[in-house]
Amino acid sequence: MVGNVCSKFDTPLPWLSRHHFRPSKECCVYGAFAVALAITMALSSPLQNLSSLISAHGIATATAKAPSRHQCAVHAAASDTATTVEVGSYEEGKLVRPKWTGETPLSRMVRALISFKPLYSILKLGARQVLISTAEKNNIPWREMTKEILESQVYKEMDTIQNHSLVYPDYYLNPFHAYDEGNLTWLAAAEAEAATKSMVRRAIPNASSIDEATQILRGNWLQAIEQHHLQHSQTSMISDILDIGCSVGVSSRCLADKFPTANVTGLDLSPYFLAVAQHKEKRGAPRKNPIKWIHANGEDTGLPSKSFDLVSIAYVFHECPARAIVNVVKEAFRLLRPGGTLAMTDNSPKSKVLQELSPVLFTLMKSTEPFLDEYYLTDMDETLMEAGFVNITSILTNPRHVTLTATVPQ
């Protein structure tokens, strides 16, 4: 993650020197980082050996975040692919949620460390370095992909995408993923697809390639959606799909590939992400039903009630406070037709892999995810039931992520 931060703190971190810290300040901040990690590790129960997670070039098989490819590469049911692992065959941990979340002593200690601004700056740089080094180590050309977007005509898409009357909720203006402006920046939008590929590679570390990892992760997710809808809806037809929090459109394109006769709408709060989504879609093969992109708030979309057969929310809720999660679920219920399916996929509190993350990894992850604790403390089954959903099903569709499906009563 941050150079080779194994058990040694006597050699400089390469990414620190690249950011031009003055020696005296670097020494102080670096020392604070070392002390913070030592405290966190001391508070943790024995976890995975840190040196096995972090290599001299970054991380080898480590942790966590959201969306993915220009072309989904999942065009048929996941069960049709040779690389797909049986859905539900992944191992759960022994805890309800990781010890580093919620109101545990360890979680409070990590929050206190993150609140120390000099240390937070270091953690933010470290978390960013993790994503980039993981991507490039796995042949994902992060910098090239980012440059291609930033030097393209993507900026022209903003005029047709942005809703100037939209008022952003306060939580959305927080820093996210090591970006001070969160998702409201061209850099975050340009790097989103590479970051997603990096997430997919970490989630499926034993895959032979990023394409195979994507096919497993996305294929299992789509299979869970299809099976739930076939089992609990009176009709197998999915005509209208809404992808809330679609980011740069990776999940939207996967849904459109899987259900080619459906009308797919991608909705997001970031006009920058949507501009990239529209730009990428225009460069792809033409679709019979082009994806529609909407700049709106998933808590109050303004779309007609009972107008969708499927509402998908992929890797969104871990970035939301509890009140927003509740509101989005209620809005999804309003938007779905009777018999319609809600599909949510995100980090699984019960994931054995996430429960056993090393102190360095979970500290870095929490430093870039301000609402992670609220997400882990939210009882999603109860939230869905209170909104009116039935047939609630929860299943691990890869070692790190749960796919939760539910139905609007007929």
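## Surface, helix and pocket features of a predicted model

S89 counts as partly exposed, at 44% relative accessibility. The structure described here is a predicted model. S89 is placed in the loop between strand 2 (58-59) and helix 4 (105-115). Although S89 and P399 are 310 residues apart along the chain, their C-alpha atoms are separated by 8.9 Å.

L187 belongs to helix 8 (residues 186-203). Together with L150 and Y155, L187 makes a nonpolar surface patch of about 220 Å².

| Residue | Location | Relative accessible area |
|---|---|---|
| S89 | loop between strand 2 and helix 4 | 44% |

Helix 9 (residues 210-232) consists of 23 residues. From its first C-alpha to its last, helix 9 reaches 33 Å, close to the 33 Å expected at 1.5 Å a residue. Because 17 of its 23 residues are buried, helix 9 is largely enclosed by the rest of the structure.

The largest pocket has a volume of about 420 Å³. Its lining comprises 19 residues, and P349, K350, M380, D381 and S394 are those nearest its centre. Helix 15 (372-377), helix 16 (380-387), strand 8 (390-396) and strand 9 (401-407) each contribute at least two residues to the lining of this pocket.

Methods
Residues numbered from 1 in each chain as written. Predicted model: local features only at pLDDT ≥ 70, side-chain atom pairs only at ≥ 80, totals over all residues. Heavy atoms only, no water. Patch = residues over 30% accessible without salt bridge, like charges linked within 9 Å, V, L, I, M, F, W, Y side chains within 5 Å. Areas by Shrake-Rupley, 256 points an atom, 1.4 Å probe, with all protein chains shown as cover. Salt bridge = Lys/Arg side-chain N within 4 Å of Asp/Glu carboxyl O. Helix = DSSP H or I, 4+ residues; strand = E, 2+ residues; numbered from the N terminus. Expected span 1.5 Å × (residues − 1). Buried < 20%, exposed > 50% of the residue type's maximum accessible area, 1.4 Å probe, protein only. 1 Å grid on protein atoms, 1.4 Å probe; cavity = no way out; pocket = protein on both sides within 12 Å on 5 of 7 lines; lining within 4 Å. Points joined across faces, edges and corners; volume = space filled by probe spheres on them.
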